[in-house]
Amino acid sequence: MPQHASAYPFVSADVQVAWKCNLDYSIVVLAHQGTARVHFEDAAIELLPGQALWIPQRMAHMVEHAAGSLALAILVPARHSRSNAALQRIEIPPGHAGWMFHLMLLTLSPLHRGQLPMARVVEHLERFTVQRHSAPLPGLPAARHQALARARRGLRPGQHDAPSLAGLAASAGVSERTLRRQIAAEYGIGFREFRRRATAPESLAAIAEHWQPVPALTTRWMSFPQHRYALWAYQGRGSISVADPRNGEQQVHTQRVEAGELLIIPDGYSVRLDIDSGALFFPLSMPLRPAERLADLRLPLRLPRELEPVLLRHAIAHITALRPLHYDRRKAFELLEDVAGYPGLRWPDSPGLAAIARRLLVDASAHAGFAQLAAEHGMSLRSLQRAWREATGSTLSAWSLAHRMRRAEGMLAAGLPLPSVARWAGYAHVPNFSRAFAASRGRRPGSVHRSGSSGQLNIF
C-alpha cells in the first residue's frame, strides 16, 4: 500500500513485539506487506508478503517487522490446533489476503469473535497450509516421453493413496524397469521422489480457484460500557445498528456504511453489524475517561485516503497480538480528531426530526424543500430550523450540505461520473457543484476522482 505525503504521521520506527510462549493457543503470523522476522531461541525465519508461520503452543518466539511492513496474527486455542508439534508454513494465494484479515477479526476482534466456529477457522487455515516449514518442493516439468506422461496422469496433487511403481508401470503400458529409466533420464530422480513431487499439494493458483470472497456476516448485539468504539469500513459495505441500552434496544438506529467511512459508537450503546460479502470492518477502541463521554448518535465520517495506511496499522494493533511494546490505543483517536467533521454529524433524537433526517439521507433533492418538509411534520419552517439547531448543533441547510458533500466524495472515489454525482447532490450545473464541494471538503472533485476507487478499496 503506497504511502502518500500528508499531514498524517506514518509509523517511523521498527515494530518489535515482546517474547511470547503461548501456553493456551497457537498463533499464525502473516506478513501482509513488506517482511517480518520470527525469532526463536536458536533461529530466525523471515516471512515475505503472503507468507505465514503457524507457531504451535509452548514455542517461545518474538516477532519484529520494519516500519513500512505490516504483519497480523490469528490465534487458535490449543484444543483446536490439530498440528501442534512443529512449525507449519502457510502460503496465501494472490488475491486472498482478505481471508486472513477475516480470520484475524473472527479470532481477535471483540465484535467479530465467536461468529464462526473455531473448527471452521482451523479448516480455512489448513487449506492454506502447504507443508512443514521448509523449502517448497520444485515442480516437475511436463513429461516428454508418452509413457511417462501417462504415468504422470495417474498421480494427482494431494493424493494420499498413490499407486506403486508396479501399478503406474502397468497403467502406462511399460515395465517397471523402463519407467524407472525414463524417470531418471528426464528428471534425474528416483521413483519415490518422483511420486512425492507429483502428489505434492495443489499449487497456490489451483487452491485459489476454490475460494470465494469473504462471506457476509451478521453479529449478535454487544455492549462495551467501559470503552469507546469506532467502526471503520475498510472494504465493502454493511450496516451498523446501535441502540441505547437504557431503552432496551427499542429505539434502534441503523446506519449504512461504505468503504472509507468510519462511525463513532456512542459510549455505552449496544452495537450489531450486518456486513455484506467481501467487506471488512475494523473496530477501534479506547478506555473511557469520565470527562470524555460521547452520548449522541452520529453519522459516519469519510476518512482521507492518505490516512488509511497508518489507520490500518492502528486498527491491527488494537486487536492483534503483534502491537508495539508500548502502544497507546488513544493514538488512533487522536488521528481521527484531526479529520474534518469529527466525530460526525449529530443525529437528532426526537422521532419527528429523525424522520426528517432519514428523508434527507435518501433523497438529496429534499434539501430544496425544507418548508414542505416542515409542513409535512406539522411545523413551521422557523420552528423546524430552531429545533434542528438545538438537536444537532447545526443549521438544517449546513447539516444537509455536509451530508451531501460527504456522500458525493464517496461516490466520486468509487468512480461515478462527475455529472451524475453533481445531479445526485442537487446541482444542475457541474461548476456550481465543484465550487460547493471544494468549499466543503477542501479539494476539487477531480482530485477525488483521480485518486482511485477508495469507495471499494480492494486488498484481495
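Colleague: Which residues lie nearest the centre of the largest pocket, and how many line it?
Modeller: This is a predicted model, and in it 24 residues line the largest pocket, with Val 252, His 253, Thr 254, Trp 347 and Arg 358 nearest its centre.

Colleague: OK, and what volume does the largest pocket have?
Modeller: Its volume comes to about 560 Å³.

Colleague: Which element gives the largest share of that pocket's lining?
Modeller: That's strand S14, with 7 residues. S14 covers 252-258, and it is joined by H10 and helix H13 (396-413): each of these three supplies at least two lining residues.

Colleague: How does the pocket lining divide into nonpolar, polar and charged?
Modeller: You get 10 nonpolar, 6 polar and 8 charged residues.

Colleague: You mentioned H10. At what angle does it pack with H12?
Modeller: Helix H10 runs over residues 351-362 and helix H12 over residues 381-392; they pack at about 90 degrees, and their axes are 11 Å apart. So H10 is roughly perpendicular to H12.

Colleague: Which residues meet there?
Modeller: From H10 you have Leu 353, Ile 356, Ala 357 and Leu 360, and from H12 they meet Leu 384, Ala 387, Trp 388 and Ala 391. The contact of H10 with H12 divides into 8 nonpolar residues, with no polar and no charged ones.

Colleague: Switching topic: how many cavities of 30 Å³ or more are there?
Modeller: The structure has 4 of them. In the largest cavity there is about 60 Å³ of space.

Colleague: Nice. What lines the largest cavity?
Modeller: Its lining is Phe 224, His 227, Arg 228, Tyr 229, Ile 265, Pro 266, Asp 267, Gly 268, Tyr 269 and Val 271. By type, that lining has 6 nonpolar, 2 polar and 2 charged residues. S12 gives the most to it, with 3 residues.

Colleague: Where does S12 sit in its sheet?
Modeller: The sheet is open and has 4 strands, in the order S17-S12-S15-S18, with antiparallel pairing. At the edges are strand S17 (280-287) and strand S18 (301-302), each pairing on one side only.

Colleague: How many bridges link S12 and S17?
Modeller: There are 8 bridges, with S12 (residues 227-235) and S17 paired in the antiparallel sense.

Conventions:
Residues numbered from 1 in each chain as written. Predicted model: local features only at pLDDT ≥ 70, side-chain atom pairs only at ≥ 80, totals over all residues. Heavy atoms only, no water. Pairing = 2+ DSSP bridges. 1 Å grid on protein atoms, 1.4 Å probe; cavity = no way out; pocket = protein on both sides within 12 Å on 5 of 7 lines; lining within 4 Å. Points joined across faces, edges and corners; volume = space filled by probe spheres on them. Nonpolar A, V, L, I, M, F, W, Y, C, P; charged D, E, K, R; others polar. Axes fitted to C-alpha atoms, helices over the stretch in contact; angles between N-to-C directions. Parallel < 35°, antiparallel > 145°, perpendicular 65-115°, else oblique. Contact = heavy atoms within 4.5 Å.
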